[in-house]
Amino acid sequence: MSIPVVNAQLLRGKKGLIVGIANDRSIAWGCARAFRAFGAELAITYLNDKAKPHVEPLAREVESPIFLPMDVAVEGQLEAVFDTISKTWGELDFVVHSIAFSPKDTLGGRVVDVPRDGFLKTMDISCWSFIRMAHLAEPLMKNGGTLFTMTYYGSQKVVENYNIMGVAKAALESAARYLAAELGPKNIRVHAISPGALATRAASGIPEFDELLEKTKTKSPARELISIDDVGVATAFLAHDAARLITGQVLYVDGGYHIID
């Protein structure tokens with residue numbers, strides 16, 4: 001799927017932050033493409049100097065006026081990005097949080113064996129960073145806005161080899177609900193987007209992922225795998241004012257896979 005042609009740019013005038021682009025196969029890149037196609041202006045971040053050459057051409061493609069490093073594990077980088085947004089735009093309409101991490105030895109082992117430091121690292125980057133972004137975005141969303149994070153079906157069901165990341169995603173979905181309740185009076189909406197299995201760089205760390213992709217394709221009602229563009233378009237829709245009374249949702253973009261036993 002490619003981004004549909006939109007004659008009326010539905011998000012023209014909106015400004016947002018996209019976090020988590022690693023390359024042109026990233027879910028965050030699908031979101032950036034869709035938001036830009038719908039007229040939004042984007043701030044883009046990259047993880048570090050190693051990632052920068054892969055992300056910088058993509059930031060240019062969507063004409064991003066703000067392009068900064070952000071490693072949420074590095075003290076002060078997250079705050080520096082929001083400070084730049086505040087000084088440059090003075091406001092913010094949406095944030096897309098599409099980052100997660102677990103040390104290899106932690107992700108690859110049983111949940112019952114997870115070491116404390118690995119658990120804390122997983123939760124810090126995969127869940128707490130979204131809460132912190134919401135905290136920093138709140139004062140910039142003067143006229144309301146939307147916060148998005150990316151989750152997965154493994155938060156609700158035991159998915160083989162997903163392990164501790166399933167625990168982290170369950171916490172992330174719960175955080176999204178609490179944030180939606182707390183920020184709703186300020187017209188700030190919060191959603192967890194749950195894409196089906198996708199061949200991203202992050203997914204490559206999950207053992208037997210090819211088998212999971214095939215299972216998803218054969219079992220989902222749509223009988224096909226989703227694309228990053230599918231995720232991007234669905235996410236962008238929820239940022240539109242027409243979705244102003246939709247909040248606190250876990251939106252599955254998976255061809256219906258989650259309804260099948």
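These legends go with close-up views of a predicted model. Local features need pLDDT of at least 70 and side-chain atom pairs count only at pLDDT 80 or more, while totals for chains, interfaces and linings use all residues. Residues are numbered from 1 along each chain as its sequence is written, and side-chain values use heavy atoms, with hydrogens and water left out.

**View 1. D229 and its partner R33.** Start with D229, which sits in helix 8, residues 228-238. (Helices are DSSP runs of H or I with at least four residues, strands are runs of E with at least two, and both are numbered from the N terminus.) D229 is buried, at 6% relative accessible area. Buried means under 20%, exposed means over 50%, and partly exposed is in between, using a 1.4 Å probe and protein chains only. The D229 side chain makes a polar contact of 3.1 Å with that of R33. (That's a pair of N or O atoms within 3.5 Å; within protein, one must be able to donate a hydrogen and the other to accept it, and residues adjacent in sequence count only if both atoms are side-chain atoms.)

**View 2. K14 meets D241.** Here's one of the eight salt bridges found in the whole structure: K14 and D241, 3.0 Å from N to O. K14 counts as buried at 18%, whereas D241 is partly exposed at 45%.

**View 3. K15 pairs with E91.** In this salt bridge the closest N and O atoms are 4.0 Å apart. K15 is in strand 1 and E91 is in the loop between helix 3 (77-88) and strand 4 (94-97), so the bridge ties together parts 76 residues apart in sequence. K15 is buried, with 16% relative accessible area, but E91 is partly exposed at 27%.

**View 4. E79 holds on to R132.** The closest N and O atoms of this salt bridge are 3.1 Å apart. E79 belongs to helix 3 and R132 to helix 5 (residues 116-137), so the pair ties together parts 53 residues apart in sequence. Both ends are partly exposed: E79 at 29% and R132 at 23%.

Key: Salt bridge = Lys/Arg side-chain N within 4 Å of Asp/Glu carboxyl O.
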